[in-house]
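Visitor: Could you show me how to read a protein model? I would like to start with helices and sheets.

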Amino acid sequence: MSITIASAAFGQRTKYVLMSVRICNQIHKLKPRIPSSYYSRDTVFAGSIAARKVHTCLSLQKSKNSRNANSNSKVYELLKTMPKKIDVKELQELRLARRKKVRKYPPSTVYLQVLGSGAPGAPKSLYVFTEQARYLFNCGEGSQRLAYEHRVKLSMMEHILITHKSWSNVGGLPGILLTLQDTGVPEISLHGPPGIESLYYDTRHFIRFRDLNIKYKHYKEGDGVIGESNDPLNIQAVPIWAKKDESSAEKSEETTDEITNEREDAVEDLYAHEKPLMKKRQFVNANTNPARRRQNQEESKLCKDLSIAYVCRPPPKAGALLLEKCVKAGITPGPLLGELKRGKDVTLEDGRVVFAADVTAPDDPGPIFIVIEIPTEAYLDSLLECPTFMQYQPSEASDSDLAEVVVHFTPSHVMANPRYQEWMSRFSPSTNHIIANDASSCMGSEAVHRLQYKLNHLSEDLFPLLQDKSIPITEEDQQESNDDNTTENVFSNDEKSSEKENVESNSLPKHIVGPTHQAHTLLMYHIRPKKKIDRSNRLMLKPQTYVKECYEEEKFEPALLSAKAKLESTNLKEHQEKSTNQNYPDVIFLGTGSCIPNKTRNTSGLLVNISANKTLLMDCGEGTYGQLVRLLGLDEADQALRNLAAVYVSHLHADHHIGFINILLGRRKAFQRAGITKIPKLPLLAPQKILAYLISYHANFEPVLQDFSLIANHNFLAQNFTLEKDRYEELCSQLDMKKIDMTYVIHCPNSFGVAWTHVDGWKLVYSGDTMPCSGLVEIGQNCNLLIHEATMEDELEDDARIKTHSTTSQAIQVGRDMNAENILLTHFSQRYAKVPLFEDDLPEKVGIAFDNMRVAFKNLPKLRHLYGALVAMFSDDYDEMLEKTAKKRAARENLRLQLEEFSNKEEIQGNKRVKQDQSIVL
């Protein structure tokens, strides 16, 4: 979700700005007449974005040498005429015209698809498809990544509907909104309890939404009717209130007051320096009026006890024309078919009358589906007394109005309540029930397993198999034999047994309930044209196939044998024998990508096992908790969270901290599952400005402030240490650290690097996001391990400087400058989803990080020897990157030659003009 790169405008506006910078850099190389002060390190940092660079280059026109300015004037005119922005208004008009065109007729295809099953570590999200528009019900953390992996098209998304204000429903909202912006969606409507829009408003300082207009629609607006009359779904919002617990509400408010009185206007915008390029953020409830804002906050607090159900129905659709019956009736192709399709009877030439009802299928009144969440038992009274649902139950509804399917986001412990089961039994026995909650097990990603099986084939120590057992393993021959049965018989034996277990677990024998289906990713329910459950896309793992794919690359086997020979070398064995007791620290990489997650690299997250019963988490992008559960399994992940001694956040770009709330909530549940009710506060080492965002979440969504204590990073600065001695010693004791040093690094405001020195003598340094930084070199001297970002390849050094990131060679050089014993590179741009590019083999003491890699100090020397095998394993991706790099290099060289030729011509013409002027004077 990074914010330094991801935006819709990157496709056009930033593309041209970067091009402008490269052109100007070439001019600078050809005609080095700019004062060196323009390119000092401080200036690069202060004006690190493309606009500042273009402005610097354009200032060349004011050079004292007018002849040089004239020679380059044409280039500058070209830069000025390049497109600077996307015409969002034009895009909106095109989409509006398309909407009017496609919405003349009701949708012929409507289906529900589970995106996130609600399993521990997985999001809760339901995707609804129609030809004219897409809908998303709830958007838990990790929804964006699953949508990307499973190619769920979001470009026609128009409505996101939230059932209840909790992180499990909204944690993925920032990431999804960024993706919608990238796909060109100009506007999205957000529905749910009042206050959900605050999440968007409070993230405006560290997430860029430049071309996406987000409109919050109050649940009472239009008497609860969502959308327009010609929308492909008619949706009714149904409020369900909980009994208020005044004592807990008062306690929550006291916690907020105790933490801080942090003013929101003190929160700095991490992208303030990009304002010249950015369009003002559009927001319907801008909250600029203090009185209006206080009113919204009061309503938001009141609506913490509100859950909203959604009753959905596609518009009626006329029955399809049955061509076989038309032929039997003697109707020839022509206008008569159109009349019959419109429901009109026709008279044939022989005088016979053909009735439309005889040659068309029955009309489809529009099946009804309901999406509901009852967060706690406190909502059950309101649920049972709600008259709206009776309209879709046999007691009051006609057959055409009976609910076809109910999707339950309700937690398992509430579903087990007899009163909830009694409510379910009120629906028709033919009503299907899809249950997406914590009783599910499917985490939804097959791609992560595929990669891990391949890496595990290289080294079982470094790349352990994932403990997520929710996706069944199926051999190729079994898969082929089962393919035919999957589509025809939608209920296999395994599925029937799982449904039976689900019914028994919910203790439903006292009540007659229709078919229940525990959700898994890609489970579908077809609403139109045919109503049926569909499990044909169920995820399967094929380990043997994954490993065979490696050997399909002709260079892989020799590279693998070479790597294993190196790993068995005498020197490496000697190093491991000396380090036999160095099982700790044990570093687990939960995310090694930048910006936004993709199938193989999640956003930043590092878990350091300091000892057998003490862990440290450094950065936690979206999906960090899910990665932890997927790698370790729920029980071991719970233990790791109970052992968590502190969380460190390097800076406030969203891809480095947006997953912190889920870590807090997961940690709380881990203690509760262990029967521990008194939960110790978790030390959070982060920039001070994170607090305003967390306070707002606490006030508008659910309590979190009581679970952590903030210690601002600036207190640990090596050059200006300000933390109280007692608090510092207490923290060091908690972490078994002898010393904690931090320094400002060169990225966005308040970006930090950190060095941890353990009482046993080892030293670990983490750069966060930064350009090469002398302060980091200073605090990291003689460390055992440097973990440094290496966002871009060396060929993109200019781009790295603009975005204040490091290239691979720059990161390695930082390690050499601080005399690091080992260097691990991470935070790779998503263009290097598999293997980053290096001009030569990896240098000594250098390794590259992968998601779900687990490395102790004694295994660090192994990493360098695996690079050749990794390149061979992913040779197609690697070759494609090499080809792109070669094209970029050729284009740059061609541009350089053209500019040089152009500059020489202009200089010759200038000299001729000077000589002519001189001759005239003489």
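This is a predicted model: local features need pLDDT of at least 70, side-chain atom pairs count only at pLDDT 80 or more; totals for chains, interfaces and linings use all residues.

Visitor: How do I describe two packed helices, and at what angle do α26 and α27 pack?

Guide: Two packed helices are described by the angle between their axes and the distance between the axes. Helices here are DSSP runs of H or I with at least four residues, and strands are runs of E with at least two, numbered from the N terminus. Axes are lines fitted to C-alpha atoms, for helices over the stretch in contact, and angles run from 0 to 180 degrees between N-to-C directions. Helix α26 (residues 634-642) and helix α27 (residues 660-673) pack at about 105°, with axes 9 Å apart. They are therefore roughly perpendicular (under 35 degrees is roughly parallel, over 145 roughly antiparallel, 65 to 115 roughly perpendicular, the rest oblique). Contact means heavy atoms within 4.5 Å; among the residues making it are Leu-634 and Leu-641 of α26 and Ile-663 and Phe-671 of α27.

Visitor: Which way is α19 set against α22?

Guide: Helix α19 (residues 447-458) and helix α22 (residues 543-551) pack at about 60°, with axes 9 Å apart. That makes α19 oblique to α22. Their contact includes Tyr-453 and His-457 of α19 and Tyr-546 and Val-547 of α22.

Visitor: In what order do the seven strands of the open sheet lie?

Guide: Strands pair if DSSP finds at least two bridges between them. The order is β7-β8-β9-β12-β13-β14-β15, with mixed pairing. At the edges are β7 (225-226) and β15 (516-518), each pairing on one side only. Helix α18 (residues 418-425) packs on this sheet, touching β12, β13 (403-408) and β14 (432-435). Within the sheet, β9 (residues 306-313) and β12 (residues 368-372) run antiparallel, joined by three bridges. Val-311 has Ile-370 as its bridge partner in β12.

Visitor: Which residues of α32 are buried?

Guide: Buried means under 20% relative accessible area, exposed over 50%, and partly exposed in between, using a 1.4 Å probe and protein chains only. In helix α32 (residues 808-817), the buried residues include Thr-808, Ala-811, Ile-812 and Val-814. Their cover includes α30 (774-779) and β28 (823-826). Just after α32, Asn-819 takes a positive phi of about 60°.

Key:
Residues are numbered from 1 along each chain as its sequence is written. Side-chain values use heavy atoms; hydrogens and water are left out.
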